[in-house]
Structure formats: C-alpha cells, structure tokens
Amino acid sequence: MKVAVAGCCHGALDKLYETLELLERRHNVRPELLLCCGDFQAVRNEADLRCMAVPAKYRHMQSFHRYYSGEKKAPVLTVFIGGNHEASNHLQELPYGGWVAPNIYYLGYAGVVRFRGVRIGGISGIFKSHDYRKGHFECPPYNQQTIRSAYHVRNIEVFKLKQLKHPIDIFMSHDWPRSIYHYGNKKQLLKMKSFFRQEVESNTLGSPAASELLQHLKPTYWFSAHLHVKFAAFMQHQANSKEELPKATKFLALDKCLPHRDFLQIIDVEHDPNAGDSLEYDAEWIAVLKATNSLVNVTPSSWNMPEKNGLHAKWDYSVTEEAIKEVLEELNHNLQIPSNFTLTAPCYDPSKPQKHLEPVHTINPQTTEFCAQFGLIDINDRIQQAKEEGSARGEGEEEEEEEMDSTGSAEEPSEYNTDNSGLSSINPDEILLDDEGGEEDLSTCSVDPSPDHPPDFSASFSDIRIMPDSMAVSSDDAMDSTNEEPEKSGVSKQAEEKSLNERPLKRISGGENGNSGGKKIKRRNQAIYTAEDEDTTE
C-alpha cells in the first residue's frame, strides 16, 4: 500500500491535494492514505484564527474551510496530528480524535488507529517541560499563556502510549525525538541548518518525551516535521530480552509545504489485502483508554504518572488480551470508525466576514458519542465542571477579567515573546512563522487559488520523492554516529499557570450546524526560518 507523508502543511490543503494529483498524472502513483505531521491548521472561521499562536500577519484563512463546509472533499483519506500552529479551540473539541471534515481525521492528543491492517499512532503538540506534568485544563477563550500551553504535550498521553504492547507500524510526532540526529547524516544536517549545532552537540534538540516513546514503541516508521528540514535516520533498537527479535525504526523528518520544497514522501507499507478500506479503531488503544480513564486530570496542577517507586498501588496500566477481546465484543468485532462528522461552528464566508467572531468552548458530539460508547471521561465536560466549581468558590469573572487585562489580547505581539526562562536546556522554543526572514515569500502560501486561475505546480513540485522499501543511511552517516551515546535529559519543574477564563460552554447537538550580539537568535528558535538556510546577522 502506498502512503503519502507530508510535513507542516500550514493550512495549504488545496496545494497538498493538487500535488498528489500531479504525482498521479506524472508517475501513475496514487496513495491510498495521506499522513500529516502537524501544523495542519484546521481553521473554520475568524474565531479559529484568533486561537492560533502565530503573529497576526500570518492569520490567513487558507483552504481548510472549504473542506469543512463540504464545498470540497479530501480526495484521499487524510490522518493528521496537531502541531504548535493550530486552531487549538477546534482540535480541543476532539481530545480522543475524530473527523474535522469528511475524509480528514485528527488523531487527538494521542491516538492509534488502523487502516488496511496498518497500525498508525501519533502524539500531537510539542514538548515543553513546564507544562508536561499538567492536565489538559485550557479552554477558549485563551489568554497569552493558554493559547500556547494548549498544544504542549502532557505526560498522561505519553504514559498511555507506553502501555501499548503490540507492534506499531507508523508513528507520528510533530517535534523530533531527541537524539535521533545521532542516527543519520548529522554532518549534512548541520550543513543545512548550522544554527542547530549547539543543541545537537549538547543533545538538547528535540523532545525527550518523543525519544522515550521511540525507545518504547520501536515502530517501523517514525515521521516528524516542525524544524522545516528533511532528514532521514535509521535507529537499530536493542532487544529487551533474548526472545525479542531485533527491531529498527526508519525515521524521516519532512520539510514544510511550500513550492520548491521537498515536503512530500511516498512509502510502500505492507498491509492486509483482506482488510477493508475504512479507518478503524485500534482495540488495544481503546482498552488502554478505558484502563487509564481514572488518571484524567483537567487542572493546571503538576503531577506524576504512576511509577514502580513504592508510592503507587498500581503502576502498570497495560491491558490483557482479555481486555482487548472485551472491546472487540463491545463493538461486535466491527472496528470501523463511524462517519459522524458534524459542523460545530459557523464556516467562513468571504462574502460575509465576521472579524469579531469570538471562540467558544464547545463539546463536540463526536466526543460525546465516543465517551458514551466506551465509558470514558469527556475532558471538555470535566473542564467545564471544574470552571463552575471554581466560580462557586468565588473565583469568578472579575478575577478572570483582571487577569486578561494584565496579560492583554491574544493578538498583541508580546504574546509571542513570553515564557523565555528556564528553557535553554529543554528544547527549541516554538517555531514562529515571522522568523522566516528572506527565504521565501510566505504570502504565496496564504492565498487560495482562484478557480478561474488555478496555480501551476508543475515546476514547483518536480522534486517529489518516492521512497524505496528502506531509507538507506550512507557510510558517512554511520561514521558520524559511531560510538555516540545520547544522554537523556530529565524534565524540570516550573511554575503553574493561573486559572481559566470564565465563559459558558457551548454544547452542540448532533443536528446543529454550526538578542543582542552578531547573530540573530530569537529566543531559542535559532532562526530556523532564516534566509538561505543560514544564520542571519542583525
């Protein structure tokens, strides 16, 4: 089965699907599945734009709303994870995953699904140590802190994924697993992105949480994006026992979705020819969700997952074959994910702009149905309960308004220059679109193609790669990574955020539509978007 994998598409769905059509015309290759590794930007309307942690000049509607409204339909089944440039209010409606548009499926905070027998997992967001041990407490309308913390990876999602025992074929993360650069052509990477050198040499580039998952899950393929550079690696895993067969992971990071960029990869994946062509639940993952349901936390308080340290009566939440069998029986062995997409917000209409449309906290009927079916906590419903309890204790609107007044609007530039303490040894800060510098004109990515004048991508996407069965690593790569023992960084503790904003929850029914110095280094962003792929001087 041919699978297409894309990096950060930044809402340019028309461009992405047109590239796939071009691939079919030129090479007679038609993938059955498209995977996107974050920064998907499922923006439905102006309110969603206000929930994206990007500078105002990059808040463009792009083309997703056409797929959300039904004007267009994705020509290939598309599965994606969240990154750090998302309409967080929209994705938050689907913490366990769900359809954001017909034929476009979001994996949730973390998730595992199956397609034609291929097991696909992923984790959304990026790692930040100061939010890692908190619960999912954020909800719209966001303030300066929560508009960013909303997409930060939490330890509970990593814990859930670490309960999996059965093999994973494909796994996706937005930011790279820390240390993965030691298993590929590191010299070439640093040649292309010289400003990575300090973090690569100190082994602080990437996510320690993703690295932990990579070592535990040992998937056949691992795909990432975020750093806007293509990079391949091959990691041979050590067996945990004499009985365990050796495993290896083929890692690939993809570039962003822009003309003249190699952002799309085609791979051949072994599949079950007898399996149906519908997206399916994964029985073990559902069983893990049920087993870990009591661990759900919707507060900003930091806490640790259960460990075998004498402090917890139970620390192993992996599931038995009997528990998996029970899930199968609950579903009558029909694992097909229902096509129950529902509009939960008004769709952008260019003829009737709503510039002052405010985001609201919404419970998506897909999540309601999913939680009812499997006996799970509806995270958004629990957040609303926590807010109401806080109000009853006197933590009311006046306090929240004062907090908003002190932090300012989500559209103020200061929003993107906060939170710069204690991060230098953790991971690169969120990549900001306004760091692009002179490399390319990003405005070309924000204008939807006119139906009367469709763009010509024939020259732009002449560098599509079709990957062979293995991602070979050259002898130079092997020499570059020999005898290097990546160190593992711990997770530091940081101060907790303030309480939530008070706004009533909107429940949608199933039928309603709804730096000083020579080189320019922006915090720890390391000028990832700089001109000519080199450091920019002031």
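Start with a definition: buried means under 20% relative accessible area, exposed means over 50%, and partly exposed lies in between (1.4 Å probe, protein chains only). Two notes on the source come next. This is a predicted model, in which local features need pLDDT of at least 70 and side-chain atom pairs count only at pLDDT 80 or more, while totals for chains, interfaces and linings use all residues. Residues are numbered from 1 along each chain as its sequence is written, and side-chain values use heavy atoms, with hydrogens and water left out.

**The whole chain**

Show the cartoon. The chain has 16 helices and 16 strands. Both are DSSP runs numbered from the N terminus: helices are H or I with at least four residues, strands are E with at least two. Now switch to the surface. The chain exposes about 22500 Å², and carbon and sulfur atoms supply 48% of that area. Accessible areas come from the Shrake-Rupley method with a 1.4 Å probe; for residues, only the protein chains shown count as cover. Of the 538 residues in the chain, 57% are buried.

**Salt bridges**

A salt bridge is a side-chain nitrogen of Lys or Arg within 4 Å of a carboxyl oxygen of Asp or Glu. The whole structure holds 17 of them.

**Stop one: Lys72 and Asp14**

Select Lys72 and Asp14. They form a salt bridge, with the closest N and O atoms 3.1 Å apart. This pair links distant parts of the chain, 58 residues apart. Lys72 sits in the loop between helix H3 (64-69) and strand S3 (77-80), and Asp14 is in helix H1 (residues 13-27). Is Asp14 buried or exposed? Asp14 counts as buried because its relative accessibility is 4%. Lys72 is at 30%, so it counts as partly exposed.

**Stop two: Lys160 and Glu157**

Move to helix H7 (residues 155-161), which holds both Lys160 and Glu157. They lie three residues apart, about one turn of the helix. Their side chains meet in a salt bridge at 3.7 Å, N to O. Both Lys160 and Glu157 are buried.

**Stop three: Lys162 and Glu212**

Select Lys162 and Glu212. Here the side chains meet at 2.5 Å, N to O, in a salt bridge. Which parts of the chain does the pair link? Lys162 is in the loop between H7 and strand S8 (170-173), while Glu212 is in helix H10 (residues 208-217), 50 residues apart. Lys162 counts as partly exposed because its relative accessibility is 28%. Glu212, at 24%, counts as partly exposed too.

**Last stop: a network**

Select Arg114, Arg119, Asp282 and Glu284. Salt bridges with shared partners join these four residues into one network.
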